[in-house]
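Here are my notes on the model you asked about, written as numbered points. Keep the structure open beside them as you read.

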Amino acid sequence: MSGHHAIDLATGSVRELNAALHALGPDTNETLWRVSNPRGLHAVAAGVDAPVTIEIDGPVGYYCGGMNKHASIVINGNAGVGLAQNIMSGFVHVKGDASQSAGATGCGGMIVIDGNASARCGISMKGVDIVVKGSVGHMSAFMGQAGSLVVLGDAGEALGDSLYEARLFVRGTVASLGADCIEKAMRDEHRALLAAKLEAAGLAGSVDIGEFKRYGSARTLYHFHVDNVSSY
Amino acid sequence: MSDLSKTPRTVPRASATFDEYTLSEIRRAAATGIYDIRGAGAKRKLPHFDDLLFLGASISRYPLEGYREKCSTEVVLGTRFAKKPITLKIPITIAGMSFGSLSANAKEALGRGASAMGTSTTTGDGGMTQEERQSSQILVYQYLPSRYGMNPDDLRKADAIEIVVGQGAKPGGGGMLLGQKITERVAAMRTLPVGIDQRSACRHPDWTGPDDLEIKIEELREITDWEKPIYVKVGAARPYYDTALAVKSGADVVVVDGMQGGTAATQEVFIENVGIPTLAAVRQAAQALQDLGMHRKVQLIVSGGIRNGADVAKALALGADAVAIGTAALVALGDNDPHWEAEYQALGTTAGAYDDWHEGRDPAGITTQDPALSARLDPVAAGRRLANYLAVLTLECQTIARACGKSHVHNLEPEDLVALTIEAAAMARVPLAGTDWIPGVTGRF
Ligand SMILES: Cc1cc2nc3c(=O)[nH]c(=O)nc-3n(C[C@H](O)[C@H](O)[C@H](O)COP(=O)(O)O)c2cc1C
């Protein structure tokens, strides 16, 4: 099949894989890449900047899909720390669970995690959309600046601590809210936003939007003030 | 009956403990309920390079002739792993200072001055601007906990990458940029609302500790195809171990910033009380490299209070490959210049002491985002002043190196130095002048 590349990381190296992916231009015909035997290796498919699909069969280590632009990356397995950190655009889909700091500082694009995400999911997010079908760990969306985090399961402690303008939607329970994070009313515009994110994640119609609660910044820490001393 | 008017009176006595500054700070704190935030570095007196002297040549070592005999100053950084190491013509670089804390004109001036002298500038907590990339021939791109403006395109445009773990002014603290300076452009680059008091994270969001750092470095190398030198910058706290761990994690270059190092905005209590002086840090960092057999293989850049060519020479003699300057570069551009004294007075301060850089009202137009104030700084003329200043630092450093008989500034060594104080002797591990005593190491008085 033309444009189909198979790379076996049992014999080839991550360096060779990434070098080949980085050589692709925006008009490449080599649009489908299958990676086997990732065995928890780090930085698999990091720094890709081309509209290609990369399917990875097995678990990946840290920073898979880091700084991704345009590519669609599917991981048939679990992902280690910093999945798709600083993602700019494109789509990263993990069929298993994701470790800490999934989508950290992501600026755009979408990450879908079929299982659970560990602590600090979406930390310092700057525009990425993250949809987690399971639950997220503590300090998720810490200092989140922009983008949205949608959690179909539960959220751990200190959700949205020191939050800026990221939007958080959780269907299950929230163990506790972090400093300056509050529950906010779900208005039509928020329901529309949530519906759009769920649709983009391939979940249109399968989840009841009415079951979600919305959380956001109370914006009381936006200016240094004596009355907030205990929060700093 | 004693006549009180004839009793000798003592003169009013100010307390050394509760001095004038301390009292004013207590009153300020009592009035506001919030800590003092300011720019610049530690202002207290600290053991520093002034406490060291060079021995110069004598019968047993001969000097080199000024001008006629060459004394090289070139430094190559990133020879360990990077495919494209960078070469600086002088051993002095411009430290990372963010666009946001500095005006676009100031950043451009830094780029112009540094490029004229064949050295690098560094971005900061706020991303890379076009102006900066254009005006800097060699640009180091900082990778900070906040990751403001971070993106793979700028990463690939950079000539080197500096992972910032800490800063000497605030080891363990994150950046601050107050609302006055969060203009629309600055806010957009950082993805933040306009006008808020911004606190940067103090820890990286996706790694902690040396084992993670190793993987992070690997990822950045992968993204940039192993081309760029990768620096790790630490605030001087435990420089021996931090240097060793940076080497273990795969750094090409280690940057150690002492407590005198400047900042754009940090709590005063942090600046003055956390971290160790540059003098103490250099020797420990160099020792770690030597113990690992990595001295000169992993390059060491030292910063924090570098002011003149003697400071440069002393840092190099203690084992650094290059130094970085922040505050001095801003002063060369025109910061704190007496020319603006009337305006400093209006701000309740005086030229030379102005450190409210976070307020964005800098009369010299450097630490501000105010269009009218920044327009006062001509980037071409200011860049020229910086180039002149860098030339003087280099000439001064060469003057000392030649006097010590060195054909390259890197040939300066601890044996060329003595200390004026016991503290400096102990920290720099060079003998107290006139003795062979290095406290804690060798000899007797
Ligand atoms: C205005 C200003 C802004 C700074 N911004 C940063 C920054 O964004 N990132 C960083 O690592 N260090 C920053 N620093 C610290 C410098 O990189 C450097 O460590 C320090 O200035 C060196 O000490 P010196 O000022 O005594 O030369 C800043 C310093 C100043 C003065």
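1. Let's begin with A:Glu211, which is partly exposed, with a relative accessible area of 41%. On that scale, buried means under 20% relative accessible area, exposed means over 50%, and partly exposed is what lies in between (1.4 Å probe, protein chains only). You'll find A:Glu211 in the loop between α2 (188–200) and β11 (213–217) of chain A. Helices (H or I, at least four residues) and strands (E, at least two) are DSSP runs, numbered from the N terminus. Now look across to A:Val170: the two C-alpha atoms are separated by 8.5 Å, while the residues are 41 apart along the chain.

2. A word on what you're looking at. This is a predicted model, where local features need pLDDT of at least 70, side-chain atom pairs count only at pLDDT 80 or more, and totals for chains, interfaces and linings use all residues. Residues are numbered from 1 along each chain as its sequence is written, chains are lettered from A and ligands numbered from 1 in the order in which they are written, and side-chain values use heavy atoms, with hydrogens and water left out.

3. Most residues other than glycine have a negative phi. A:Ser124 has a positive one, near 55 degrees, and A:Asp180 has a positive one too, near 70 degrees. A:Ser124 sits in the loop between β6 (110–113) and β7 (126–132), and A:Asp180 in the loop between β9 (167–170) and β10 (181–184). Are they buried or exposed? A:Ser124 is buried, at 4% relative accessibility, and A:Asp180 is buried as well, at 11%.

4. On to the ligand. Its shell has 26 residues, and B:Gly96, B:Asp257, B:Gly305, B:Gly326 and B:Thr327 come nearest; to be near, a residue needs one of its heavy atoms within 4 Å. The shell divides into eight nonpolar, 15 polar and three charged residues. Here Ala, Val, Leu, Ile, Met, Phe, Trp, Tyr, Cys and Pro count as nonpolar, Asp, Glu, Lys and Arg as charged, and the others, Gly among them, as polar.

5. The protein covers 97% of the 600 Å² of accessible area that the ligand has on its own. Accessible areas come from the Shrake-Rupley method with a 1.4 Å probe, and for residues only the protein chains shown count as cover.

6. Polar atoms of the B:Gln369 side chain lie 2.9 Å from the backbone oxygen of B:Gly100 and 2.8 Å from the backbone oxygen of B:Leu102. A polar contact is a pair of N or O atoms within 3.5 Å; within protein, one must be able to donate a hydrogen and the other to accept it, and residues adjacent in sequence count only if both atoms are side-chain atoms.

7. Finally, the charged pairs. Side chains of opposite charge can pair when their charged atoms come close. The whole structure has 38 salt bridges over all chains, each a side-chain nitrogen of Lys or Arg within 4 Å of a carboxyl oxygen of Asp or Glu. In one of them, A:Arg187 meets A:Glu189 (3.3 Å, N to O); A:Arg187 is partly exposed at 43%, and so is A:Glu189 at 49%.

8. Chain B has pairs that reach across the sequence. B:Asp355 and B:Arg38 form a salt bridge (3.9 Å, N to O). B:Asp355 is in the loop between α12 and α13 and B:Arg38 in strand β1 (residues 37–38), so the pair ties together parts 317 residues apart in sequence. Both B:Asp355 and B:Arg38 are buried.

9. B:Glu272 and B:Arg44 also meet in a salt bridge (3.6 Å, N to O). B:Glu272 lies in helix α8 (residues 268–273) and B:Arg44 in the loop between β1 and β2 (52–54), so this pair ties together parts 228 residues apart in sequence. B:Glu272 is buried at 10%, whereas B:Arg44 is partly exposed at 43%. Salt bridges that share partners join B:Arg38, B:Lys43, B:Arg44, B:Glu268, B:Glu272 and B:Asp355 into one network.
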